[in-house]
Amino acid sequence: MKIRHCIKKRISIFVVVLLFVISCSGNDMLPVTEEQALSEKPARNIPFDTVDLSTWSMALGVNYNEQLQFINFNDLRRAKTTWVRGFIDFFQLYDSTKGLHSDERIKDYLSLQKEGYKTILNIKWNFRERNESLPAENSTDFKAYMIFLNKLLEQVWYSTDLLVIGNEPFIETKVAERDQRVVDFYKAVARVVMQFRDGHPDRDVPIFVGAFNNLYEETWQTAAVNSLLSFVEEEPGIAGIDIHIHHSEMEHIPAALSFVSNRIRENQKIIVTEFSLMKYWKSHLTDAVSETFAMAWQIDPAWKNYQYIDYALKHPRPMSEWYAFLKNSHWFESRKHYLHEAYTLMTGNPRFLVATYAIRQSFPYNQDFKSTSDPWILNGLFANRTIEQDTLLKQTQFNYSFMDNFIEFQK
């Protein structure tokens, strides 16, 4: 009797264990790797189809671009921002010998939500820089890239509010391949990301496609661009599009927004993760520096603007000097309220959701700034390269004018 009782007891335990195992998914039964353990986050219990972007408030945030390793919470507090955007270079991570969990940019990015910020992440596929052709969907390279993409998504998914499949798809593809091949690749990536989202129903992340560039110019409104926009419109799993507006005239902003507004669904949104007057600034690089400024600060009056900028990059200036340079430059002073004007134009479009503006200056330390250089460094909210650091407070100084307009729109 004791033997029979023991056997029955063991059978009962075995049945309970078997039922538990059957109820588990295949992935749950596999050993948890170090990367999986690091990427686990608490469930939010939000079905993937319940995020209603129409209830979200329009917002203006900051953009770190590729410089996520320079996230500075003191700077973010001073800017009073809620939204932070950056991009991850897929191939930079794919080629790295380091694990994803040890990458400095990812670690700093993951810290943003913990500090209460909302996040936008673009995934950059720079095939042009690699001199690599776009891989076909069923190719060996594509499959290898998608395996790694899933690992990357496991790291960032639970720390991301909006995800963009791409950074600048058409610019970052070989010129000869900026056709249906671009469309096919990004559609295939979108399907992989949506499949990943379906496998993580506890955390919805609205998925965007982009960014589309220069859409205020007819030459960029190509058949391939329209084909990718058609995919966005027809795919219910896509929340909207991302566009970049680096321009010279203010009417370019509503022109770009209008072009895409007519090509997406009413319930889809537009985000603008990069915008600036870079092209306008560039048209004035060969102008002579202001005579008033040159005399007051003992600057060579024969210098052109690009020469002074090069000087400031190599020898950061006192804040008052850099401010005087821009204030006495009519081409800059007349546009010092650019952020107010640009954001007002964006919010006039009902499809608009969020825009992000450059927070800091970036330029190689071992490179001359030339008359042909793209003057991105004039855009930053903070002048971390051209102005000396505040030695008393040990913090980066504001760039001239822009921060007041930026803070004006923070809620």
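# Briefing: helix packing and cores

The crossing of helices α9 and α10 is right-handed (near helix turned clockwise from the far one by less than a right angle). This is a predicted model, in which local features need pLDDT of at least 70 and side-chain atom pairs pLDDT 80 or more, while totals for chains, interfaces and linings use all residues. Residues are numbered from 1 along each chain as its sequence is written, and side-chain values use heavy atoms, without hydrogens and water.

**Overall chain**
- The protein chain holds 18 helices and 8 strands (DSSP runs numbered from the N terminus: H or I, at least four residues; E, at least two).
- Of the 411 residues in the protein chain, 50% are buried (under 20% relative accessible area with a 1.4 Å probe; exposed is over 50%, partly exposed in between).
- Among contacts in the protein chain with a separation of 6 or more, 76% join residues 24 or more positions apart (contact: heavy atoms within 4.5 Å).

**Helices α9 and α10**
- The axes of α9 (residues 180-198) and α10 (residues 223-234) come within 8 Å and cross at roughly 20 degrees (lines fitted to C-alpha atoms over the stretch in contact; angles from 0 to 180 degrees between N-to-C directions).
- The two helices, α9 and α10, are therefore roughly parallel to each other (under 35 degrees).
- On the α9 side the contact is made by Gln-180, Val-183, Tyr-186, Lys-187 and Ala-190, and on the α10 side by Ala-224, Ser-227, Leu-228 and Phe-231.
- By class, this contact of α9 with α10 has 6 nonpolar, 2 polar and 1 charged residues (nonpolar: Ala, Val, Leu, Ile, Met, Phe, Trp, Tyr, Cys, Pro; charged: Asp, Glu, Lys, Arg; polar: the others).

**Helices α11 and α17**
- Helix α11 (residues 252-261) packs with helix α17 (residues 338-347) at an angle of about 25 degrees, and their axes are 9 Å apart.
- That angle makes α11 roughly parallel to α17, and the crossing of α11 and α17 is right-handed.
- From α11, Ile-253, Pro-254 and Leu-257 meet Tyr-338, Ala-342, Leu-345 and Met-346 of α17.
- This contact of α11 with α17 comprises 7 nonpolar, no polar and no charged residues.

**Nonpolar cores**
- The largest nonpolar core has 113 residues, and Trp-125, Leu-149, Ile-243 and Phe-275 touch the most other members (buried Ala, Val, Leu, Ile, Met, Phe, Trp, Tyr and Cys joined through side-chain atoms within 4.5 Å).
- Helix α9 gives the most to this core, with 11 residues.
- A second, separate core of 11 residues includes Leu-162, Phe-208, Ile-271 and Leu-353.

**Helix α6 and strand β3**
- In helix α6 (residues 104-114), the buried residues are Ile-106, Tyr-109, Leu-110, Ser-111 and Leu-112.
- These buried residues of α6 pack against α4 (73-79), β2 (83-89), α5 (90-94), β3 (118-124) and α8 (140-156).
- Thr-119 lies in strand β3 and counts as buried because its relative accessibility is 0%.
- Beyond its neighbours within four places in sequence, Thr-119 is in contact with Trp-83, Val-84, Tyr-109, Leu-112, Gln-113, Ser-159, Thr-160, Asp-161 and Leu-162.

**Pro-318**
- Pro-318 sits in the loop between α14 (305-314) and α15 (319-327), and counts as partly exposed because its relative accessibility is 28%.
- Pro-318 and Thr-386 are 68 residues apart in sequence, with their C-alpha atoms 8.6 Å apart in space.
- Apart from its neighbours within four places in sequence, Pro-318 is in contact with Ile-387 and Glu-388.

Technical notes: Angles under 35 degrees count as roughly parallel, over 145 as roughly antiparallel, 65 to 115 as roughly perpendicular and the rest as oblique.
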